[in-house]
Amino acid sequence: MNSLRQLEQDVLAEGREWMRQRLEKRLQDDSDALSAACPKTGEGLKDVRWRDMQLITVSGVVNLRVRHGYSPALGRWVAPVRYLWGLKAYQRLSPELESRLAYTASATASYEAAAQMATRWGCAVSDGCIHQHMQSLGETAEQIELPPAVIPPQEPEFSMVLMLDGWMARERGPDWGAGPRKKEPQRILWHEVKSAVLYRLERRAASDSGRGMLIEKFVVATPPETSPVDFGTAVHAEAMRRGMGRAKYVYVVMDGAIWLWDLVEDRFAQAIKTLDFHHARDHLWAVANTLHGEDTPEAKAWVHPLLRSLRKGRENRVVRHLQELLQNQSERKPESQELIEREVKFFVKHKEHLHYQAMEKAGAPRGSGAIESLGKQLQQRLRGCGQIWGRPGFTRLLKVVVLVKNQDDHLLWN
């Protein structure tokens, strides 16, 4: 007697074969019913003949006989049924299989892992095939013009949250293929990938343990060496597409990178801006460790009251306390004084971005955990062990990954 697992596998195989035959028959019927006319001009094709066509689908390989003829208007041989089904010349993967492979290649850590996963869900496809497929989709993604989001007829009031940051990716340097005689070869270059997360505040929830989660979010990620201006344009366009123009409030949460704040002042000047609380905490700890030693009890005693003040809406008191440090410079080393001056200037600059109690009362985030999470997700796919990219391959995969995360990947087959 077969085991339960074997019985289930047998039934799944039977069902898969039934679906393959069913799909093959329907596709053949569509092909037989289609006239031998040029899909562009409608004129009859010349020298029409029947040819074999093999298509790899989610259900398996289907074998068809399709009309093929010469179009004088186009000056080439065409198979009208390919235009009917939206297939490119010589395309062998079905759109549904392409879609599933695109998701799998985006969600796994490598093309090899994607091939292994595809084999587990029923389609044995090589990692080379998936790589070629993703590069082709990436080229298509570069040409896509995203449509505006559909506005519900009765849309409830909402607010929008934006978080922006960057992370570093490895690329092949100018001396990537240099031999051992090359002195100090520059084989690897590091470039920043600018990224953003945006979501409606009302789409944030919490698990039973109190851990925050986002029910729905959208992402932006641009190729390495994208200028802050172009990145800001991309974030603004996606935010408008997702309803920023109709939002009651727009909250922006970021770390202290200067280019981010310049970008936000340019593109989102009216937004409510918040310095990431954890980033502010790290800056306070830097001062504490300089004054009292690394992680000493005195450093903890100095910093904890200031952190409580930040949480309780007494941010002005924190800034004043830091400014008072500049008045007492006795017996400080020059490097310590320089660090304290730098940190005091930092908090003075961001004194209007420290209203953490007000953010908590409004239900808005105080930290930029969502963008940190996105960075880790993208790095798992694009900065794994041994992954050193050429710019074209990296850019194409990144564009497909973003489309998949935003559930816009259906546009690749529209």
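What covers the buried residues of helix H7? The cover includes strand E4 (160–172), helix H6 (228–241), strand E9 (250–254) and strand E10 (272–275). The model is predicted: local features need pLDDT of at least 70, side-chain atom pairs count only at pLDDT 80 or more, and totals for chains, interfaces and linings use all residues. Residues are numbered from 1 along each chain as its sequence is written, and side-chain values use heavy atoms, with hydrogens and water left out.

Overall, the protein has 14 helices and 10 strands. Helices (H or I, at least four residues) and strands (E, at least two) are DSSP runs, numbered from the N terminus. The C-alpha trace spans about 95 × 70 × 65 Å along its principal axes. The radius of gyration is 28 Å, whereas a compact globule of 414 residues would have one near 22 Å. This radius is taken over C-alpha atoms, and the globule rule is 2.2 Å times the number of residues to the power 0.38.

Of the 414 residues, 42% are buried. Buried means under 20% relative accessible area, exposed over 50%, and partly exposed in between (1.4 Å probe, protein chains only). The protein exposes about 23,400 Å², and carbon and sulfur atoms supply 50% of this area. Accessible areas come from the Shrake-Rupley method with a 1.4 Å probe; for residues, only the protein chains shown count as cover. Among contacts with a separation of 6 or more, 64% join residues 24 or more positions apart. Contact means heavy atoms within 4.5 Å.

Charge was also examined. The protein carries 59 positive and 52 negative charges, and their mean positions are 2 Å apart. Lys and Arg count as positive and Asp and Glu as negative; His and the chain ends are not counted. Each charge is placed at NZ of Lys, CZ of Arg, CG of Asp or CD of Glu.

Helix H7 covers residues 258–267. Its buried residues include Leu260, Trp261, Leu263 and Val264. These residues lie on the same side of H7, because they cover an arc of only 160° around the axis. The arc is that of the directions from the helix axis to the C-beta atoms. Ile258, Asp262 and Asp266 are exposed, on the face turned away from the buried side of H7.

His191 belongs to strand E5 (residues 188–200). Its relative accessible area is 16%, so His191 is buried. Beyond residues up to four places away in sequence, His191 touches Trp167, Met168, Ala169, Glu171, Pro224, Glu225 and Arg391.

Glu98 sits in helix H3 (residues 95–107). Glu98 counts as buried because its relative accessibility is 11%. Neighbours within four places aside, Glu98 contacts Gln91, Leu93, His133, Leu137 and Trp413. Glu98 and Leu412 are 314 residues apart in sequence, yet 9.8 Å apart in space, C-alpha to C-alpha.

Backbone angles were examined at two aspartates. Asp47 lies in strand E1 (residues 46–57). Its phi is near 55°, a positive value in a residue other than glycine. Asp47 counts as partly exposed, at 46% relative accessibility. Asp295 is found in the loop between helix H8 (277–292) and helix H9 (297–311). Asp295 is not a glycine, but its phi is positive, at about 55°. At 47% relative accessibility, Asp295 also counts as partly exposed.
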